[in-house]
Amino acid sequence: MAQFGRAMLAEWPLDPDITYLNHGTVGVTPRAVMAKQQAIRERIARNPAQFMFRELARLHDMPAPEFPALRAAAEAIGARVGARGDDLVFVDNATAGVNAVLRSLPWGPGDEIVVTDHGYGALARAADAVTRGAGALVRTIALPRAGAGADAYVAAIVNGLGARTRLLIVDHVTSGSALVLPIERVVAECRRRDVPVLVDGAHVPGAMPLDIETIGADWYVANLHKWGMAPRSCGFLWAPPHRQSGLHPPVVSWGLDTGFTREFDWMGTRDPSPWLAAPAGFEFLESLGLDALWKWNHMLAWGGAHVMAARWGTAFEASESMIGCMATVPLPASAGSSPEDAQRLRDALLFEERIEVPVLCRDGGLWIRVCAQAYNEPREYERLAEAVAARRG
Ligand SMILES: Cc1ncc(COP(=O)(O)O)c(C=O)c1O
């Protein structure tokens, strides 16, 4: 089993002078995966036209390769996330996957997309963009505060659905509040009410066990460049067979109306190396030992959150079952309450203390979200707790 902690930092190209507690935001690609990606690029470069037109995917006017490289990569990822490769297509990021779904659905007057106030803001904007002009609207429902427990989250979401709700977009792991939502229960309740669900699993693959087919949503979108250790830009969109027809990529190209995987596998000439290297991201994680890694990360996030809250005299209320490998902890009132205060503290932590960590402004106060990864260790959260405490008053 791997020895987690600072000794493992050498596996990533991170600046050793920075305490990096922000793995989840845009991901950090391990050196081994970067090397794999470079090898793929070199393979492509030997004869780019041959690779792109004859090996990568099934294209409309070229002889179909027996094993298109993208389909092989999709199979490899699907096997790790509980999905058939044929139901999974690569996209540049979760945002692109959500946009694809939103733009493929017909919106009419009075139709409603429901999002939650713990959802990722960019996706609410994407929903806003497709409803504009169609007379449809986006409604945001408020979720309980951390500590309310899984039942309260399910109830809040279910009670927020209405007769005109045509789509629920809900996070599997929320971004700012870093909570693992009881997604299977949410999806089951939506199915009972005939409300289609798009799950945003941006923070899930590689961070915890994932079985997409068991969740049973209508669409599942995720990033692999966050916790899946794939190079940026790498995400996927999963759709079960009954949701594939009429589902178009965010960039429409030659494949229009030729089938789900064909449409998405060619969105014009682009660098496919992040997608082809995605299986190497999972192989890297597996080499660390997934169960041991997840246990370590959870221990760091859960333990670190308590260390910080105790040092600052604030209340970390989340229940343990809703914490994975990130935790969002309230800062003391003395840290301020405005977006400017948040930015000032974030800058001070980075430029004076050499700690990379997001500071969020929500619910009238400031919060800090810490991530936990193989290269982190408990004393880094203690250092953050001290650094913030030293700035008080
Ligand atoms: C919950 C959630 N969804 C979506 C995204 C968007 O990810 P990307 O910018 O890779 O599309 C993020 C980014 O942090 C996120 O936290």
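This report describes selected local features of a predicted model.

## Around the ligand

The ligand is surrounded by 15 residues. The closest of these are Thr 95, Ser 175, Asp 200, His 203 and Lys 226.

For His 203, an N or O atom of the side chain is 2.8 Å from a ligand oxygen. For His 225, a polar side-chain atom is 3.0 Å from an oxygen atom of the ligand. Ala 94 takes part through its backbone, where a polar atom is 3.3 Å from a ligand oxygen. On its own the ligand has 400 Å² of accessible area, and the protein covers 89% of that area.

Asn 223 belongs to strand 7. Is this residue buried or exposed? Its relative accessibility is 4%, so Asn 223 counts as buried, the cut-off for that class being under 20%.

The side chains of Asn 223 and His 225 are joined by a polar contact of 3.3 Å. Ala 94 has a polar backbone atom 3.3 Å from a ligand oxygen, and His 225 has a polar side-chain atom 3.0 Å from one. With neighbours within four places in sequence left aside, the residues in contact with Asn 223 are Asn 93, Ala 94, Gly 201, Ala 202, Pro 205, Cys 234 and Gly 235.

## Helix 5

Ala 94 is also part of helix 5, which spans residues 94-104. How many residues of helix 5 are buried? The count is 9 of 11, and the helix is therefore mostly covered. The buried residues are Ala 94, Ala 96, Gly 97, Val 98, Asn 99, Ala 100, Val 101, Leu 102 and Ser 104.

## Aromatic rings

A pair of aromatic rings is described by two values, the distance of the centres and the angle of the planes. The count for this model comes to 7 aromatic pairs. One of them is formed by Trp 12 and Tyr 375, with 4.9 Å from centre to centre and 70° between the planes. This pair is edge-to-face, because planes over 60 degrees apart are placed in that class.

Which parts of the chain does the pair tie together? Trp 12 is in the segment before strand 1 (19-20), while Tyr 375 is in the loop between strand 12 and helix 15 (378-390), so the pair ties together parts that are 363 residues apart in sequence. Both Trp 12 and Tyr 375 are buried. Phe 284 joins them in a cluster linked by ring pairs.

The charged end of Arg 270 sits over the ring of Trp 275, at 3.9 Å from the ring centre.

## Backbone details in loops

Where in the model is Ser 233 found? Ser 233 is in the loop between strand 7 (219-223) and strand 8 (235-238). The peptide bond that leads from Arg 232 to Ser 233 is cis, and its omega is near 5°.

Ala 178 has a phi of about 55° and is in the loop between strand 5 (165-171) and helix 8 (183-192). Asp 363 has a phi near 55° and is in the loop between strand 11 (359-362) and strand 12 (365-371). Ala 178 has a relative accessible area of 2% and is therefore buried. Asp 363 has a relative accessibility of 54%, so this residue counts as exposed.

Arg 43 lies in helix 2, residues 31-46. With a relative accessible area of 47%, Arg 43 is partly exposed. Leaving aside neighbours within four places in sequence, Arg 43 is in contact with Phe 51 and Glu 55. Arg 43 and Ala 10 are 33 residues apart along the chain, and 26 Å separates their C-alpha atoms.

Ala 152 lies in helix 7, residues 150-160. At 24% relative accessibility, Ala 152 also counts as partly exposed. In sequence, Ala 152 and Pro 358 are 206 residues apart. In space, the distance between them is 27 Å, C-alpha to C-alpha.

How values were computed. Residues numbered from 1 in each chain as written. Predicted model: local features only at pLDDT ≥ 70, side-chain atom pairs only at ≥ 80, totals over all residues. Heavy atoms only, no water. Helix = DSSP H or I, 4+ residues; strand = E, 2+ residues; numbered from the N terminus. Buried < 20%, exposed > 50% of the residue type's maximum accessible area, 1.4 Å probe, protein only. Phe/Tyr/Trp six-rings, centres within 6.5 Å; stacked < 30°, edge-to-face > 60°. Lys NZ or Arg CZ within 6 Å of the ring centre and 35° of its normal. Near = heavy atom within 4 Å. Polar contact = N/O pair within 3.5 Å; in protein donor to acceptor, adjacent residues only side chain to side chain. Areas by Shrake-Rupley, 256 points an atom, 1.4 Å probe, with all protein chains shown as cover. Contact = heavy atoms within 4.5 Å.
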